Structure formats: C-alpha cells, structure tokens
Amino acid sequence: MLAGILLPFMGTSLGAACVFFVKREIHPLIEKILMGFASGVMIAASVWSLLIPAMEMTVQKLGRLCFLPAASGICAGILFLLLIDRLVPHLHIGAQAPEGIHSRLARTTMLTLAVTIHNLPEGMAVGAVFAGLMAGDSRITMAEAFVLSAGIAAQNFPEGAIISLPLRSGGQSRKKAFLMGTLSGAVEPLGAVATVWMARVLTPVLPLLLSFAAGAMIYVVVEELIPASSGGEQADLGTIGFAAGFLIMMSLDVALG
C-alpha cells in the first residue's frame with residue numbers, strides 16, 4: 001500500500017528532476033497536450049475508480065437512490081476546493097493575476113501553491129481507493145488501486161517539470177527549482193494517509209470519501225486544466241490529449257479492475 005501511496009509523489013519528483021537534464025521550458029504545444037492528457041486521466045479516474053465504486057457500495061441499501069451519497073460527496077469536494085481556492089494565494093500556470101487572498105508572496109511560490117492545491121485531491125483519491133481495498137471491499141482490487149496511482153503519477157510527471165523548468169529559467173538554481181517542484185507534490189502522500197486514517201475511523205463514510213475526492217478532482221480539471229489545454233492556438237491538441245488520457249485510464253481501470 002505504501003508504494004501505491006508514494007507513486008504519484010514519485011511522478012512529480014521525476015518531472016521536477018527534468019531541471020537537471022533540460023535547459024529550456026516545455027514547448028507550449030507539448031504543455032497543452034500534457035494538460036489535456038492529465039484532464040482525461042483525472043476525469044476517467046473520477047468516474048471508474050471513485051464514483052462507480054462509491055455507488056456500488058450503497059446500492060444494496062439505497063437501491064436507485066444510491067446516487068445520493070455520491071452526489072453529496074461530489075458537491076462537498078467541489079465546495080472544499082472552492083473554499084481553498086478563495087483563501088490560499090496562488091497563481092495558475094499561464095495566468096497573470098494571482099487568486100486567493102491578497103499576499104506579497106513571490107510569483108514562484110504562488111505558482112507552487114497552485115499546483116499543491118491541484119495535487120491535494122489526487123492524494124485523497126489514492127487514499128480513498130486504498131482505504132476501500134483495506135476495508136476488504138470486493139469492488140476495489142489491488143490492480144485497480146495501483147492503476148489509479150500509476151495514472152496520477154503519469155500525469156504528475158509533466159506537472160513537476162512545468163514547475164521546476166520555469167523556476168530555473170527565472171534564475172533559480174537547479175537544486176532550488178527541483179526542490180520547489182518536488183514540494184508541490186508532497187501534499188499527495190499526506191492527503192492519502194489522512195484519507196486512509198479517516199476511512200479506518202469512519203468506515204461507513206467511505207462512499208462519501210470516494211465521491212468527495214472525485215468532486216475535488218473534477219473541480220481542478222474544469223477550473224484549471226481544461227482552460228490551460230484549450231486556450232490559445234491549436235486548442236485541438238488539448239482535446240486530443242484529453243481523449244488519449246481518458247481512453248487509456250478507462251481501459252486500464254476496466255481491464256484490471
């Protein structure tokens with residue numbers, strides 16, 4: 001389980017390590033494809049790894065109303081990320097004006113905080129799935145849990161690079177740029193462990209935790225990733241990346257789940 005929880009963080013760290021081998025920033029068109037790919041992975045993971053298992057866990061008790069806990073969890077996850085978005089000063093990739101409360105933090109710090117906010121629901125999603133696995137729920141398999149971790153790790157790789165490479169271009173040392181990129185993903189294992197702990201203490205709320213994580217990830221996709229992949233020229237590249245990420249994640253989850 002520990003390896004699965006740490007896998008997404010390793011993806012971010014490996015991406016941040018690109019600063020030691022690549023001199024330039026990622027080409028904008030490649031970045032657009034990667035952001036689209038990340039969107040597709042997260043949406044597919046939200047549906048097949050989180051929402052469907054959450055509804056299957058409650059279908060025997062609620063029947064056709066099994067969507068109610070899932071819907072409640074989605075709303076709670078979206079509201080949670082919306083609140084964080086309003087309170088924490090951060091700067092999205094490609095944006096000129098920061099969001100959140102007014103702050104004098106450096107742009108590089110706020111950029112790192114934006115990715116950190118983005119990574120929190122991913123860590124919660126991994127934690128919720130492994131919590132279901134530990135609870136012995138037959139609807140979640142070890143293969144499915146690791147597929148989710150690997151999918152998130154794959155889309156975390158470019159995010160680590162997108163943080164570290166601009167920092168290096170802006171004058172930061174390679175070590176500091178790598179550290180900032182890596183720290184942006186440190187929240188993922190912390191969020192995963194916290195979610196596992198909550199699920200063990202409050203086992204009946206596992207369906208809500210799964211759908212909560214799904215709602216938080218959907219918020220990140222719609223609020224940040226899709227605009228980053230679809231804006232400007234050749235927006236169709238982001239759409240192609242989305243389709244590729246969605247299909248790969250869906251296929252792996254269904255085949256191994």
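Here is a short chat about the predicted model shown above.

Visitor: Before we start, what kind of model is this, and what pLDDT do local features need?

Guide: Residues are numbered from 1 along each chain as its sequence is written, and side-chain values use heavy atoms, with hydrogens and water left out. The model is predicted, totals for chains, interfaces and linings use all residues, side-chain atom pairs count only at pLDDT 80 or more, and local features need a pLDDT of at least 70.

Visitor: Which helix has the lowest confidence?

Guide: pLDDT is the predictor's confidence in each residue, from 0 to 100. The protein chain averages 86, and 96% of the residues score at least 70. Helix 3 (residues 67-87) has the highest mean, at 93, while the lowest, at 83, belongs to helix 4.

Visitor: How many helices and strands does the protein chain have?

Guide: Helices (H or I, at least four residues) and strands (E, at least two) are DSSP runs, numbered from the N terminus. Reading along the sequence, you get α-α-α-α-α-α-α-α-α. That's 9 helices and 0 strands.

Visitor: What is the radius of gyration of the protein chain?

Guide: The radius of gyration is taken over C-alpha atoms, and the globule rule is 2.2 Å times the number of residues to the power 0.38. For 257 residues, a compact globule would come out near 18 Å, and the protein chain agrees with that, at 18 Å.

Visitor: How do helix 2 and helix 9 pack, and what is the handedness of their crossing?

Guide: Axes are lines fitted to C-alpha atoms, for helices over the stretch in contact, and angles run from 0 to 180 degrees between N-to-C directions. Helix 2 (residues 28-62) and helix 9 (residues 236-256) have axes 6 Å apart, at an angle of about 35 degrees. A crossing is left-handed if the near helix is turned anticlockwise from the far one by less than a right angle, and right-handed if clockwise. Helix 2 passes helix 9 in a crossing that is right-handed.

Visitor: How many aromatic pairs are there?

Guide: Rings of Phe, Tyr and Trp (its six-membered ring) pair if their centres lie within 6.5 Å; planes under 30 degrees apart count as stacked, over 60 as edge-to-face and the rest as tilted. By that rule, the count is 5.

Visitor: Is the pair of phenylalanine 130 and phenylalanine 146 stacked or edge-to-face?

Guide: Phenylalanine 130 sits in helix 4 (residues 107-134) and phenylalanine 146 in helix 5 (residues 142-169), so the pair ties together parts 16 residues apart in sequence. The ring centres are 5.6 Å apart and the planes meet at 85 degrees, so the pair is edge-to-face.

Visitor: Which residues form an aromatic cluster?

Guide: Start with phenylalanine 242 and phenylalanine 246, a stacked pair with 6.1 Å centre to centre and 20 degrees between the planes. They are 4 residues apart in helix 9, about one helical turn. One cluster is made up of Trp48, Phe242 and Phe246.

Visitor: Is isoleucine 5 buried or exposed?

Guide: Buried means under 20% relative accessible area, exposed over 50%, and partly exposed in between (1.4 Å probe, protein chains only). Isoleucine 5 is found in helix 1 (residues 2-16). Its relative accessible area is 5%, so isoleucine 5 is buried.

Visitor: How far apart in space are isoleucine 5 and alanine 192?

Guide: Along the sequence, 187 residues separate isoleucine 5 from alanine 192. In space, C-alpha to C-alpha, they are apart by 6.5 Å.
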